[in-house]
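Student: Could you take me through a close look at one part of this model, the place where the ligands sit? I would like the contacts spelled out.

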Amino acid sequence: MARITASVYTSHVPAIGAALDLGKDKEPYWKNVFDGYEYSKQWMKDNKPDVVFLVYNDHATAFSLDMIPTFAIGTAPGFPIADEGWGPRPVPPVVGHPELAAHIAQSVIQQDFDLTIVNKMPVDHGLTVPLSLMCGQPPANDFHWPSPVIPFAVNVVQYPVPSGARCFALGQAIRKAVESYDEDLNVHIWGTGGMSHQLQGPRAGLINREWDNAWLDQMIADPVACSKVPHIDYVREAGSEGIELVMWLIARGAMQDVADSARSVSVKHRFYHVPASNTAVGHVILENA
Ligand code: DHB
Ligand code: FE
């Protein structure tokens, strides 16, 4: 059967993609960010997943304000790189895994989560920047990402957005869905976005290092308590875009220790850096022990 063996958490700052695409990653400002992912790129090579289930948010790219699914699963064979206003990033298109995605949709909907099925969808920096950080920068034309990806888009842009508790429970349903798939596949689940940042209004530029690190401690060690953090705390403490962090709870909920308290997770890597563009960068890798 398929299994989720590890979870990856990372911010998705668009300027990180631009820094890579423009060859600025060796400049001191950016090198401090990319150095935090050196371990991770080697870890990806050593633990190459058969499929990445990638939880991210679309930034009014595929979904405008015309149509806003709360949870959307990408079931297509492939996903083109979005043009976010300055041309698509020069990275390979994303290859999907329609069979596993359709199975997860079936199982998770039967577990009473109402997913939107998406058969056609460009993917923006929310998805491609985490791939670049974890896999390096494959040339757009003659290569492909190391693993197929199932994009899973969460609305954290337009209120009302789902609660941390809902996301955490959804992660548990996704784990069950994966474990009922009848083929031996090593699946990683990624939660992306965050950490503290606010891009608008009088508090634009807000970053809260202390709150971010306390949240990381709790997300790792006591995810049930972390899932109960209310929206208002994210917005007050981590800024309006800090709410992207609820997506990390989908990945955390899919780990084995949540289903079985006799099991534990091991922290393979943890990194925090301020600033990158307007945000704090957080990154964690957990493996099922
Ligand atoms: C920035 C960060 C984001 O997460 C995002 O989606 C857009 C912009 C920023 O730091 O500028
Ligand atoms: Fe974002």
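Tutor: Happy to! A polar contact here is a pair of N or O atoms within 3.5 Å; within protein, one must be able to donate a hydrogen and the other to accept it, and residues adjacent in sequence count only if both atoms are side-chain atoms. In this predicted model, a polar side-chain atom of H59 lies 2.7 Å from an oxygen atom of ligand 1. The side chain of N278 likewise brings an N or O atom to 2.7 Å from a ligand 1 oxygen, and for H197 the distance is 2.9 Å. Of the 290 Å² of accessible area that ligand 1 has on its own, the protein covers 88% (Shrake-Rupley method, 1.4 Å probe).

Now the wider shell. Residues with a heavy atom within 4 Å count as near, and those around ligand 1 include V13, P14, H125, L199, S277 and T279. By class, the shell has three nonpolar, seven polar and one charged residues (Asp, Glu, Lys and Arg count as charged; Ala, Val, Leu, Ile, Met, Phe, Trp, Tyr, Cys and Pro as nonpolar; the others, Gly among them, as polar).

On conventions, residues are numbered from 1 along each chain as its sequence is written, and chains are lettered from A and ligands numbered from 1 in the order in which they are written. Local features need pLDDT of at least 70, side-chain atom pairs count only at pLDDT 80 or more, and totals for chains, interfaces and linings use all residues, while side-chain values use heavy atoms, with hydrogens and water left out.
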